[in-house]
Amino acid sequence: MSLLPPEFHSALCQLLRALTTPDNAVRTQAEEQLNNEWVQGRPDVLLMGLAEQIQGAEEAGTRSFSAVLFRRISTKTSKDPRTNDSKELFSTLTTEQRFVIREKLVSCLRSETLPEVRNKIGDAVAEVARQYTDNGEQWPELLGVLFQNSQSPEAGLRESAFRIFATTPGLIDRQHEETVLSVFTKGFQDENIGVRIAAMEAFASFFRSIPRKSQPKFFPLIPDILNILPPLKEADESEELSKAFVGLIELAELCPKMFKSLFNTLVKFSISVIAEKELSDQVRQNALELMATFAEYAPNMCKKDPSYVQEMVTQCLSLMTDVGIDDDDASDWNKSEDLDLEESDLNHVAGEQAMDRLANKLGGQVILPATFTWIPRMMSSSAWRDRHAALMAISAISEGCRELMIGELDQVLALVVPALQDPHARVRYAGCNALGQMSTDFAGTMQEKYHSVVLNNIIPVLDSAEPRVQAHAAAALVNFCEEAEKTILEPYLENLLRHLMGLLNSPKRFVQEQALSTIATIADSAEAAFGQYYHALMPLLFKFLKEEHSKEYRLLRAKAMECATLIALAVGKEKMGPDALHLVQLLGNIQQNIVEADDPQSQYLLHCWGRMCRVLGQDFVPYLPGVMPPLLTVAAAKADIHLLDDEEQIDQIEQEEGWELVPLKGKIIGIKTSTLEDKNTAIELITIYAQILEAAFEPYVIETTEKIAIPGLAFFFHDPVRVSSAKLIPQLLNSYKRAHGAQSPGFAEMWNKVAEKIIEVLSAEPTIDTLAEMFQCFYESVEVAGKNSLTQPHMQAFIESVKSTLEDYQSRVKLRLEEKADADDAEDDNLSFEYAVEEDQNLLSDMNKAFHTIFKNQGSTFLAAWQRLLPFYDTFITSDDDTQRQWAICIMDDVLEFCGEDSWAFQEHILQPLANGLRDANAANRQAAAYGIGVAAQKGGIAWSEFVAASIPSLFQVTQHPQARTEEHVFATENAAASIAKILHFNSSKVHSPQEVAANWINTLPITNDEEAAPYAYSFLLHLIEQQNPAVFSNADKVFGYIVQALGAETLQGATAKKVAESAQKLVAATGINAEQILASVSPDNQMTVRSYF
């Protein structure tokens, strides 16, 4: 029965017809009417009317469209007239209206006979249910209705129940586990395929929503889930089997160990699907994706399975031969100029990507033998597709198998290099691809050891008859050259550039573009050595930049700009002479002629201006008025966000590049990431200008700070924007300070705003690595602002943010330990765990640097706020975690160093931890403890004298560690040596037998690694020489040798080095030792440095 009058339904039906008409003008007018008159004017009547249309309309299309429109309208946000809060439209209706509508929807769900319409009604029911759940309200009868429908004799009702569960898993009452298990079991065993698949999807959604500890209760369902698959394969139901694999992929990501008992069975079945060429490509790729997912989330389970590795590698290689099926001679492939052609859905690409993932997750010990069982045979095959697949496989696995392959590069290159002369163009292309990838994955070794093999074989490929092969050879050279030292490239420059300049005359624009990119990379790596080719190349580039500005040449000119400015950076402004200003003028002309938003030259220009600023330095200042306005516009861009209401909009956005789709409360949000990436680039370039131009950048500082940098710190749509904003702020502060001085009122006002905002975001930043960047922003900004720049409110607010950060950190550590305890070898052998630990270590490190900077600039005035963190300190200093102990010791080092005698007030928190720290198994902690004792001696005053004297035996023990001079332990050793020197020099009143200690101390030298420790140790040594101390004079040759070693290692520099060297000469003169013999023993690399002092 309708609750609305007939004339209303007449008007609504007319509106629905207009909204679905193919006539654009009529439809646009109807959409305006819908929004202005119905959604905003009478939403309650609209939703009720749509529910009644779903219930009573004769035409199936009207019922279906009404259900879609109901769902879309109900999610629109509106002000609740009763509370003035923003709510979704359905939630703003009265309790009675919502009750009536939901009753009608449930009734429609039961009575609708057409599956496609019932599914749309189910989506509407699910949306209403979600809103009830999100608002903490109940829809008590729905769960009963859905359980009842799941047992209905009608398959359509059973399927719709599971579809709703899949969309809104929060409906399922977890307190009745037996009932839930029973319902899913029946669903998995249902005679209807659609119901079985819907049950799988619902279970995956439900399983995602339950706590980790509840998951094992549902493991017994796995056999029934897996039994769904074989009949689908036998019946050739590719589409349904594909959906089933998607459900399994989700479960494998959530809890791979639930498959452990049946894993081998699942592997064999999935492999059989991948191998079955009669099935659709999509289902074969989904089966491959499932297996690759297990490699990522349960690598140990995959390694232990008897068939997984060999079968997966075999099937990946088989898929990789599925290339160029209707193009055996590659004529179509070579004619194509669309190098970015979308191929991600093709079998050979899926195979390559899976091989990459297998290698990265399972490692070379497992993947390399399985792969190289095939590769030599494939390389010698007469079928070009086999050779192509083998080369692409080498490219795919080289990163993950790096540690093993790097020792076998001779053999690998013996397979790859001959492919550069293969009769088939696509094999030569794959050979270039392999060499390019290996140049990146084995960077350093490839360039230093194999430069001759690579360059002498790939340069001739630039002369290939096929433009795509030429371009790819040039692209491979980018990979090689960007990792090469200039000394390696120098002998090849003439040959490289002659060939690349030849490609600039190619009739194919994409070849010219790639040649320019490669020349630019070579210039960047060769630096000044590129100068001799400058006059041959720059006129050519100017010619490109001056040529007609037609649309098809825009990217070519952009590449020419990039190349010219990188060459400018390599050779410098002196070499360029008047060309530098000429190039800037050309860039300005191009910028003035850009009129279209999608012109690629705009993006390239941003970077080109940045390079020219580096080249010209202060001479760039006159060009800022032309450069900055467009840059500021891009940097200030708002996030381009769209709420996507229906599948058609989502499909349309998915087809466009530069968008990210994010699910949020049952809706899909589209974020235009390309805009955000441009914004980030612009902020990075502003940072360069501020850094290089300093005071000259001041005219733009205030606008940039207020409109870009400060808002950017809280730009939560894009992590990189927040990071680049954090890096920009210290440079802006420095520019303003350089222009006006630290004491200027303007600087004080700017600093106060900036400090408050940074401290605010420290407690709001959700991403761990970005939070570390925020701490870095804070301490770099404090460093610019200088002494006593923080007020007590600043410091108290900072400590409050740190307290919140540390509490969150402790919660993460606790959760990680619980998950690790629950894990077994079926799960990831936990790269994600290691990454999370590393992120937190970096966070604590940057937090410590912030404490260091505040104590350095505020001294004891920071203690009142800081001591609120002592409970954390006391917990961390006794932790089993090395990082936590280091965090605590380093803070106390700062208290000792910058608070002087005031530090004694915290001696209860310092004495035992430093004593324990000297015996810590972790070298970094011994180093920190040794340093702390040294600064206590130097800065702490008489109160610390007894403690530091008592620490001397332990400090000697640190220097006598069995591995004292190894890379891991040497900094602890050298800090301990320096600290003994500080005690003897600054605070020796309680030291027993100081002469004996000094004699033993000499044997703790040299200090050849730590540039901070060396000056203290050698200044004390200088003091002993000037005293003509017997400890020195009786070991004169040894002491002179220690001085020479420090000078050679350059841990002593400047005035200190000069004084120590002069003192060493006095020692030689006084003792008559053979200095020349000691100097002659210095390594050839250090001879010139050392002899410059003598």
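Is Glu 527 buried, partly exposed or exposed, and what is its relative accessible area? Glu 527 is partly exposed, with a relative accessible area of 36%. On this scale, buried means under 20% relative accessible area, exposed means over 50%, and partly exposed lies in between (1.4 Å probe, protein chains only).

## Basis of the model

This is a predicted model, in which local features need pLDDT of at least 70 and side-chain atom pairs count only at pLDDT 80 or more, while totals for chains, interfaces and linings use all residues. Residues are numbered from 1 along each chain as its sequence is written, and side-chain values use heavy atoms, with hydrogens and water left out.

Helices (H or I, at least four residues) are DSSP runs, numbered from the N terminus.

Most residues other than glycine have a negative phi, and most peptide bonds are trans. Glu 527 has a positive phi of about 55° although it is not a glycine. Glu 527 is placed in the loop between helix H30 (509-526) and H31.

Asn 788, also a residue other than glycine, has a positive phi near 55°. Asn 788 sits in the loop between helix H41 (768-785) and helix H42 (792-822), and is exposed at a relative accessible area of 54%. A cis peptide bond joins Leu 1005 and Pro 1006, with omega about 5°. Pro 1006 belongs to the loop between helix H52 (994-1001) and helix H53 (1013-1026).

## Salt bridges

Side chains of opposite charge can pair when their charged atoms come close. A salt bridge is counted when a side-chain nitrogen of Lys or Arg is within 4 Å of a carboxyl oxygen of Asp or Glu. By this rule there are 40 salt bridges. One of them joins Glu 141 and Arg 102, with the closest N and O atoms 3.1 Å apart. Glu 141 lies in helix H7 (residues 140-150) and Arg 102 in helix H5 (residues 95-111), so the pair ties together parts that are 39 residues apart in sequence. Glu 141 is partly exposed, at 27% relative accessible area, whereas Arg 102 is buried at 8%.

Glu 596 and Lys 551 form another salt bridge (3.5 Å, N to O). Glu 596 is in the loop between helix H33 (579-592) and helix H34 (600-616), and Lys 551 is in the loop between helix H31 (534-546) and helix H32 (554-576), so this pair ties together parts that are 45 residues apart in sequence. Glu 596 is partly exposed, with 33% relative accessibility. A network of salt bridges links Lys 551, Arg 554, Glu 596, Asp 598 and Asp 599. Elsewhere, the side chains of Arg 885 and Asp 920 meet in a salt bridge at 2.8 Å, N to O. Arg 885 lies in helix H46 (residues 882-899) and Asp 920 in the loop between helix H47 (907-917) and helix H48 (923-939), so the pair ties together parts that are 35 residues apart in sequence. Both residues, Arg 885 and Asp 920, are buried.

## The nonpolar core

A nonpolar core is a set of buried Ala, Val, Leu, Ile, Met, Phe, Trp, Tyr and Cys residues joined through side-chain atoms within 4.5 Å. The largest such core has 375 residues, and Phe 798, Trp 866 and Trp 1001 touch the most other members. Helix H32 gives the largest share of this core, twelve residues.

Which residues does Trp 866 touch, not counting those up to four places away in sequence? They are Ile 799, Phe 851, Phe 855, Ile 891, Met 892, Val 895 and Phe 906. Contact here means heavy atoms within 4.5 Å.

## Aromatic rings

Rings of Phe, Tyr and Trp (its six-membered ring) pair if their centres lie within 6.5 Å; planes under 30 degrees apart count as stacked, over 60 as edge-to-face and the rest as tilted. The whole structure holds 40 aromatic pairs. The rings of Phe 620 and Tyr 689 have centres 5.7 Å apart and planes at 15°, so the pair is stacked. Phe 620 is in the loop between H34 and helix H35 (624-635) and Tyr 689 is in helix H37 (residues 673-693), 69 residues apart. Both Phe 620 and Tyr 689 are buried. Ring pairs also link a cluster that includes Phe 798, Phe 851, Phe 855, Trp 866 and Phe 906.

Notes
Helices (H or I, at least four residues) and strands (E, at least two) are DSSP runs, numbered from the N terminus.
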